[in-house]
Amino acid sequence: MLLRKSAAELNALINPVGREHLPLTDRLINEYVQSHPNRKPPNKGLIASWDHSLPEVIHALVALGLESVEVLIEYSTPGMAGDADIILAGQHPVTEDLSYVVIELKQWHKAVVSPANPIAVDAGYDKPKLHPVRQVQRYCEYLVHHLAPLRADRRRIAGVALLHNASHEVGSLFDLPQSDHGRLYTRDRLNEFKAFIASRLEPSVSGAHAADVLCQAQQYEAPSSSEAFSRVGSPHPVFALQKEQEIAFQEVRQKVRAGGTKAGRKKVVIIQGGPGSGKTAVAVELLRSLKQEGHHVVHASGSRSFTNNLRKAAEDSAPYGKRGAAAKQARKDYRYFQQFGELDENSVEVLICDEAHRVRQKSDGRDVKKWVKERGLPQADELIRVAEMPVFLLDDWQSLRPDEVGTVEYLVERAQACGCDWEVIELPGMFRAEGSIAFREWVTKLLSLRATTAPAWVPDGRIDVRLAETPEDMESFLSQRMAEDGSQARMTAGFCWEWKNPPDDQLLVEVRIGDWHRPWNAKDGVRLDNVPVSSQWATDPRGFGQIGCIYTAQNFEFDWTGVIIGPDLVWKDGRFVVDRDKNHDSKLKRKSVSDEKVDRLVRHAYHVLLTRARSGIVLYSEDTDTRNALRRLIAGTVADSPLAKPRKRKLPQVATAAERTVAEQLTIEFE
């Protein structure tokens, strides 16, 4: 949040005479620069909004006698692509309960709804924008999902979109159904806007208490991937989709509702986004909503750990007496990419191909029938062929093996070869690492995934980045995080140590750095007492203490991660270089795999490992030169105390009755 003041205090800062900007805008610019990495200035659009849109709201509040209402400007929502422009905090005039109004400000003069997608709007920009009513609805849903006082009673919050420069030029925007969480007002409806605000806020009561409650609210943890997929049977959204996520979701949903291939040529939708961009959220909401509408939807991936975890989560979420049937259904709902070559054309209505960067050249393996192999279709063609509506979600920088060919360019090529239309939708946001886009960009530069020099990490107040001098220090620090604030933590490493099948009774201790020795996570199919199976390492608390490899860590996220950068990635001449001889992945040791491909895939693997964290990450390298280089780039160490950003203990999204009681008690205490 950039600034919190009463409407009266903000009104005193609105004095445009003889100044380039309002004094209020100057104050906000300064706050913005101070709170952003590299002292990044706000863009022209944001400054214009503070100069021209924000005063419209302040003047309306003063005219209504609501000078004592608290105004929260640019309220931070780490799980979304942007911040809420304004939140008004006060007391409801009828119920005398807490009352909040989220306001989305738009300076648009004209806008037209896309004929193909009711929530995509052409407002004169290069790309379609999310409908402002849906945008503010999603802000409200996000806050209800994550803040205990609002989750206890969602009627406490309302949302409006204010287009103060437009009137009849945006008439088609009113076709979208509105609700208390999302209403639309324009220049010719300002009196209606004021009436709605007056119906939600009491003029004679200070909003300071309500603002305190919101700012100090106990938060709910975002659901993990497996937990989210286990809730696809819920009638309520699991995630509050944002901007491009919502546009992608509606693009698929509208096509399915229109009849898929029955309504015309088959269309392949390719959704691309980096780590934490919300691909899982789109997949979950598509699966949930389309299943509830009676459509035949199947989820597919190329990861055994991920798919097995989703199957188990679906089974565990079923009533005890129905878990056998749930497990059987889960095997149909969650499948592997290589399982579709034997199915009839268009036999699946909607196929959601998650983590499609792991699509392989051809389907292979013991479970692939001989005639499917002999037919020799590319695996991507099998997936496109079997579905009336194929949807691919991927990150070009997460393929891990030489025969994994899933990229946007490749999938577009295969769609064309199959005679299909296609569309690529970008997800630019960041919903992991506390919403730190800066961290994701820094990782790509650090690993030279883009042609640029690795800069020093500038703390941005969102994710905590630290170095460890020894693996013992890293493990001790992560153990402390779990004990003190209930964090979920895991240690991972590059594939630089042997990984053999263990004897009957225990894991082999193969990750060895000096006197510190730890086992890899269990191999697929290995079952030992007190050791989680491979697919459950990321979600079973017993996984801590074992070192996760790239194949078990991909697709999952943790509050804190410790990443051991192995000798296959070392710092030389100002950048990371790859030493393929130090990598123990059997797929990369083949002579047929070029040095260039090995270099790319090793960097991809570390890109995945370095982007699993929600709150903080600890890096360690055994190589002295690499540690010295990282010291120059990263200021924080595990020896630093206290935490750069203390993590507030959060409630799980799926609350038990006892947890709900705790949340309600916290809300009562705030009130």
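Helices (H or I, at least four residues) and strands (E, at least two) are taken as DSSP runs and are numbered from the N terminus. The structure is a predicted model, in which local features need pLDDT of at least 70 and side-chain atom pairs count only at pLDDT 80 or more, whereas totals for chains, interfaces and linings use all residues. Residues are numbered from 1 along each chain as its sequence is written, and side-chain values use heavy atoms, with hydrogens and water left out.

Just after helix 15, Gly419 adopts a positive phi of about 75 degrees. Within helix 15 (residues 408–417), the residues Val408, Tyr410, Leu411, Val412, Arg414 and Ala415 are buried, where buried means under 20% relative accessible area, exposed over 50% and partly exposed in between (1.4 Å probe, protein chains only). The cover over these buried residues of helix 15 includes strand 10 (267–273), helix 14, strand 14 (387–394) and strand 15 (421–427).

Two packed helices are described by the angle between their axes and the distance between the axes. Helix 14 (residues 379–386) packs on helix 15 at an angle of about 55 degrees, and the two axes lie 10 Å apart; helix 14 is therefore oblique to helix 15. Axes here are lines fitted to C-alpha atoms, for helices over the stretch in contact, with angles running from 0 to 180 degrees between N-to-C directions; angles under 35 degrees count as roughly parallel, over 145 as roughly antiparallel, 65 to 115 as roughly perpendicular and the rest as oblique. The crossing of helix 14 and helix 15 is right-handed, a crossing being right-handed if the near helix is turned clockwise from the far one by less than a right angle, and left-handed if anticlockwise. Ala380, Asp381 and Ile384 of helix 14 make the contact (heavy atoms within 4.5 Å) with Tyr410, Leu411, Arg414 and Ala415 of helix 15. By class, this contact of helix 14 with helix 15 comprises five nonpolar, no polar and two charged residues, with Ala, Val, Leu, Ile, Met, Phe, Trp, Tyr, Cys and Pro counted as nonpolar, Asp, Glu, Lys and Arg as charged, and the others, Gly among them, as polar.

Helix 9 and helix 10 (residues 279–292) pack at an angle of about 30 degrees, with 10 Å between their axes, and helix 9 passes helix 10 in a right-handed crossing. In this pair, Gln245, Phe249, Val252, Arg253 and Val256 of helix 9 meet Ala281, Val282, Glu285, Leu286, Ser289 and Leu290 of helix 10, and the residues of the contact divide into seven nonpolar, two polar and two charged. Arg257 also belongs to helix 9 (residues 244–257) and is partly exposed, with a relative accessible area of 45%. The side chain of Arg257 makes a polar contact with that of Glu293 (2.8 Å), a polar contact being a pair of N or O atoms within 3.5 Å of which, within protein, one must be able to donate a hydrogen and the other to accept it, and for which residues adjacent in sequence count only if both atoms are side-chain atoms.

Leu147, in the loop between helix 4 (132–146) and helix 5 (148–152), is buried, with a relative accessible area of 6%. Neighbours within four places in sequence aside, Leu147 is in contact with Tyr75, Leu214, Ala217, Gln218, Gln219 and Tyr220.
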